[in-house]
Amino acid sequence: MNLKDSKRIVVKIGTSTLTHSTGRINIRRMESLVKVLSDLKNSGKEILLVTSGAIGVGVGKLKLDGRPSDMPSKQACAAIGQCELMYMYDGYFSEYEHIVAQVLLTRDVIANDGLKRNVVNTLNRLLEYDTIPIINENDTVSCEEIDMGGTFGENDTLSAIVSVLVNADLLVILTDIDGLYDKDPRLNNDAKLLPLVNKIDDELLACAGCAGSDLGTGGMQTKLHAAKIALDAGVETIIINGDRPENLYDLFDGKEIGTHFAIDKV
C-alpha cells in the first residue's frame, strides 16, 4: 500500500511520549502533535487518536511521588488525569477548528457483539460528523486492564482493535524509540533498525524487550502484538518515534521512517 493514499488513520500515542517523567503533560509535544494531526485532517485524512496517559497525568497533577500500587488510587488518578487530557486536547484542537469526541472503552465492551456494534456505529458516525474521536481505556471502572499493565497493552492492543473496527487504512504507533530493532538499542550500540517487516513470529517477538516507562506500562512486545492483530485484519502498521510529531509528515511524504509492518503480497 502506498502510505500517501491512506485516508482513515488510527494514531496511537503512549504515556512516555505524551508526558514528562514527572507525569505532567509535555506541552510542547502535545501542541505539536495536535498541530500535525489537524493539518493531516485538513488534507482530507480521517484521524482517530488513541491516547494513553490518564493515570500518568493524574499522578503528576496530584504531585504524587510515583504511580500508586493500589487499585483505587490508580483509578482515582485515571479519573483526574482523563479530565485533564480531554481538556487539553479539546483546547488545542479547537485552535484549528476541529471538534473532538471522547470514547472510553473496556475489554468487555469489545467482547460483546451488541456493544461492539454500538461502538462501531458511534465511531463511524463521529467520522461522518467530521470529528476526531479520542479513545482511551476506561481505567476508572476497569480493574483488569490496569492490573495487567493494560490488558489492551497500554493501549497498543486497543489501537489495533480500533483500527480493525473502523476498517482503517493504517495504524501509526508513536513511541519513544525509532522503531523495531534486531536487538535492544539501549544496550547494544550495533543494533539495527528493521525498516520493513512482513511477518511477526516468535523469533521476531524475541527481539523485542518488555520494559516500559515508569508512568506507562507498554513495551515493544505489546506493539508487535498490536501490529499482528492489525496485519491479520489487513491493516498495515507503522511504529515511529513520537518525540518529534513532525515525523508524521515525513511518513506521508513517502520517506523511509520507523518500522513498516506491511502485508506480504507473496
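User: Which residues of α8 meet α10?
Analyst: This is a predicted model. In it, D156, T157, A160, S163 and V164 of α8 meet T222, K223, A226, I229 and A230 of α10.

User: How do those contact residues divide into nonpolar, polar and charged?
Analyst: Five are nonpolar, three polar and two charged.

User: And at what angle do the axes of α8 and α10 cross?
Analyst: Roughly 10°, and the axes come within 8 Å. The helices span residues 156-165 (α8) and 220-232 (α10). Angles under 35 degrees count as roughly parallel, so α8 is roughly parallel to α10.

User: Switching to the sheet. What is the strand order?
Analyst: β3-β4-β2-β1-β5-β7-β8-β6. The sheet is open, has eight strands and shows mixed pairing.

User: Which strands are at the edges?
Analyst: β3 (100-105) and β6 (196-197). Each pairs on one side only.

User: Which strands does helix α4 touch?
Analyst: α4, residues 71-94, packs on the sheet and touches β1, β2, β3 and β4. Its direction makes about 155° with that of β3.

User: How many bridges join β5 to β7?
Analyst: Six. The two strands run parallel, with β5 at residues 170-175 and β7 at 236-241. As one example, L174 has I240 in β7 as its bridge partner.

User: New topic: N26. Where is it found?
Analyst: In the loop between α1 (15-18) and α2 (27-42).

User: Buried or exposed?
Analyst: N26 is buried, because its relative accessible area is 9% and the cut-off for buried is under 20%.

User: What does its side chain reach?
Analyst: The backbone nitrogen of R29, at 3.1 Å. Leaving out residues up to four places away in sequence, N26 touches L18, T19 and H20.

Methods
Residues numbered from 1 in each chain as written. Predicted model: local features only at pLDDT ≥ 70, side-chain atom pairs only at ≥ 80, totals over all residues. Heavy atoms only, no water. Axes fitted to C-alpha atoms, helices over the stretch in contact; angles between N-to-C directions. Helix = DSSP H or I, 4+ residues; strand = E, 2+ residues; numbered from the N terminus. Parallel < 35°, antiparallel > 145°, perpendicular 65-115°, else oblique. Contact = heavy atoms within 4.5 Å. Nonpolar A, V, L, I, M, F, W, Y, C, P; charged D, E, K, R; others polar. Pairing = 2+ DSSP bridges. Buried < 20%, exposed > 50% of the residue type's maximum accessible area, 1.4 Å probe, protein only. Polar contact = N/O pair within 3.5 Å; in protein donor to acceptor, adjacent residues only side chain to side chain.
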